[in-house]
Amino acid sequence: MNALSGERLGELMNKLYRNSMEAMIFIDQEGKVIDMNPAAEQIIDPRVIEQIRTGADPSFCQTCEGYTDEQELISCARCYLDYPQGEFSSFQVFLKTRDGGVVPFAASYHTIDEARGGRVLMLLDLTKQQKTQEMLQRNHMLKYVIKAQEDERKRISRELHDSVAQELLSSLVDLRVIKYMDVGEDVLKKLQHTEQSLTRLLDDIRHLSVELRPSSLDDLGLEAAFRSHFKWLEKNYGLLVKFSAELAAARYGSELETVVYRVCQEALLNALKYSGVDEVYVRLCEENGHLLLTVRNEGVGFDMVIDEAKGTGLGLYGMRERAELVGGQFMLRSALGEGTTVQLSIPLSRAEQQEVG
Amino acid sequence: MTMTNLHSFHYQQEIDGIRSRFQFDFVSLALVQPAEDRFVLTWQYVSGNRNDRYKRIVLHSGKGVAGIVFKTGKAMLIQNVSADIEAKDLFNYPIIVSEQLRSLGALPLWEGSRVIGVLLVGFRKENELDEASFARFQNSLGASLGAFQIREVSQP
C-alpha cells in the first residue's frame, strides 16, 4: 500500500467526514463546538445546532447529559471536555437527541490538534446494541426466576408431602387406635370429630402439595400429572376436561415438561374464569418433531383486537414467556361466540425424540 | 350419627318446600360425608338447579360459599354478586357460576358444637335477598332443620 498523496487523503477524509455513519464533532479548548458532520446533525436537536451556529451558546453541554463513570450511569464529574488528564478513548455518553429522548452513545474523545487544542468527539449510536443486551439479560433473568420458583415450589411441596402429611397421618392412626380403647361416650364423640377435622386437614395438605408442584410431574411425567390436575379441577370447580393424550407415557426434559404443564394449567384457569362453559378439551401429542399442546373450549370467546387482556393479561404474557424459554411457539385463537383455542408447539431435540421410541 | 338422622328426615322435600314457600330460585344443602368418603363436604340436595355441575364439586373448608360458612360457622349474605365479588374471582364460587345466582345467602347447620352442613338459598336476580329478607327467612325457618340446629356461632 502506498501512502496517499496529501490531496487524495484530504479528499477521502472530507468524504469520511461528510458521509460517515459515525457522528464527529470538533470541539475547541474551551469546550465550544467548532463544527459537526451531517451524521452528528442527525442526532442533535436543530435548535441546539442553531445556537451553536449563531454563536449564541456554542457549549456542548446543552446537548450532553453526562457520561458513565465507575460511580454513576450518568455523571458530570470530571467532564471529559475539560479534564485533559482523563482517559477518554472509549466511554459511554448520554445525549439529548432531536426526537427528545436521552440516548446512550459509544464515544471517543481525543485531541487531534495539539497546537491549537482542537479535539474531536466521535459518537456511535448504542441503543440497538443495548436493547439486544437488555433482552438477552431479561431472558436469562426470566429463565432463572422461573427455575428458582419451580425449585422452591418443589421443595415446599416435597416437604409438605413427605414430612407434614406423614406426621399428620401417623397422628391420625394413633387417634383411630384410641377409639378402640376403653373410653367413654363423650370422649369417643370428641375423638370422632377430631378424626374428621384431621382427615380433612390431611387432604387439604396433600392438595396444597400437589397444587404447588405435582410430584407426579417429576416422577411419572406429563400425562399422569395432567390427569391428576384435571381430576382436581373437576372436584374443585366442576370443570370437565376432555383429555386426549397421544404420547404413550413419553418423558421429556424437566424444563420442557414444566413449561407444558404450567401453560396448560394457566390456559385451563383462563377457560374456567372466562369461557362460561364447563367443558374444555386438551390434546397432547407429537407431530413432526414438535410437542403439541392444544387447549380448546367452545365458550363465549373474546375479541382479540379489542380486549386481548380481560383480567390482568399477565396470564397470557406468562404463557408466551414460558413458551419462548424452551424455543416454543404460543398461539391464541379466539373470536366472540366461537370459543378459544390455545396452542403450544415446542420443537423437540433429536435426543428427546429418541426417548419416545 | 348424622347419617342415621338423614334417613329419617326428608331433606329433599324440605328444601323443595323452602324454595316454594320463600319463592327462591335455588336452594341447596351441603352435608359432611361419612368416613368412607373421608368426611368431605358435598352438595347433597338441591332444588331448582339448572344443571348437575354441583354433583362434581367437593367443597373445601374455607373455599367457596359453603366452605366459608362451614369454616366460620357464620351466616353469609351476598346481596348482589356482581357488586360483591370481582369478576375475576367469581370462579372460586362454582355454585354461583353454574347456577347463575345473583343474590344469595347461606347458613351453617349445627350438630352440637360442630358445623356439619350448609344451607344455601338464592335468586337469579340481583338484590332479591337483602339483610331484612334474609333475617325474615332465618326467623321463619326456626331453630332447626331436621337433625340440625340453625344458629349463629356465638350462641350456645
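Modeller: A salt bridge here is a side-chain nitrogen of Lys or Arg within 4 Å of a carboxyl oxygen of Asp or Glu. Side chains of opposite charge can pair when their charged atoms come close. The model is predicted: local features need pLDDT of at least 70 and side-chain atom pairs count only at pLDDT 80 or more, while totals for chains, interfaces and linings use all residues. Residues are numbered from 1 along each chain as its sequence is written, chains are lettered from A and ligands numbered from 1 in the order in which they are written, and side-chain values use heavy atoms, leaving out hydrogens and water.

Over all chains, the count is 29 salt bridges. I start in chain B. There, B:Glu126 and B:Arg102 pair through their side chains at 3.8 Å, N to O. Helices (H or I, at least four residues) and strands (E, at least two) are DSSP runs, numbered from the N terminus. B:Glu126 has a relative accessible area of 38% and is partly exposed; B:Arg102, at 23%, is partly exposed as well. (Buried means under 20%, exposed over 50% and partly exposed in between, with a 1.4 Å probe and protein chains only.)

In chain A, salt bridges that share partners join A:Glu150, A:Lys154, A:Arg213, A:Asp218, A:Arg262 and A:Arg322 into one network.

Helix α4 of chain A (residues 127–179) also holds a pair of its own. A:Glu152 and A:Arg155 form a salt bridge with N and O 3.0 Å apart. The two are about one turn of the helix apart because they are three residues apart in α4. A:Glu152 is partly exposed at 37% relative accessible area, and A:Arg155 is partly exposed at 48%. A:Arg158 pairs with A:Asp219, the closest N and O atoms being 3.5 Å apart. Since A:Arg158 belongs to α4 and A:Asp219 to helix α6 (residues 215–219) of chain A, the pair ties together parts that are 61 residues apart in sequence. A:Arg158 has 33% relative accessibility and is partly exposed.

Next, the interface. One salt bridge is counted between chain A and chain B. B:Arg56 and A:Asp278 form a salt bridge with their closest N and O atoms 3.0 Å apart. On the side of chain A that touches chain B, α5 (185–212), α7 (222–237) and α8 (254–275) each supply at least two residues. The largest share, 13 residues, comes from α5(A).

In total, 25 residues of chain A are in contact (heavy atoms within 4.5 Å) with 16 residues of chain B. The chains bury about 2200 Å² between them, 51% of it on carbon and sulfur atoms; buried area is the accessible area (1.4 Å probe) that two parts lose on being put together, summed over both. A:Gln196, A:Arg200 and A:Tyr237 supply 26% of the area that chain A buries against chain B, more than any other three residues.

A:Glu257, in helix α8 of chain A, is buried at 2% relative accessible area. Its side chain reaches the backbone nitrogen of A:Tyr252 at 3.1 Å.

Conventions. A polar contact is a pair of N or O atoms within 3.5 Å; within protein, one must be able to donate a hydrogen and the other to accept it, and residues adjacent in sequence count only if both atoms are side-chain atoms.
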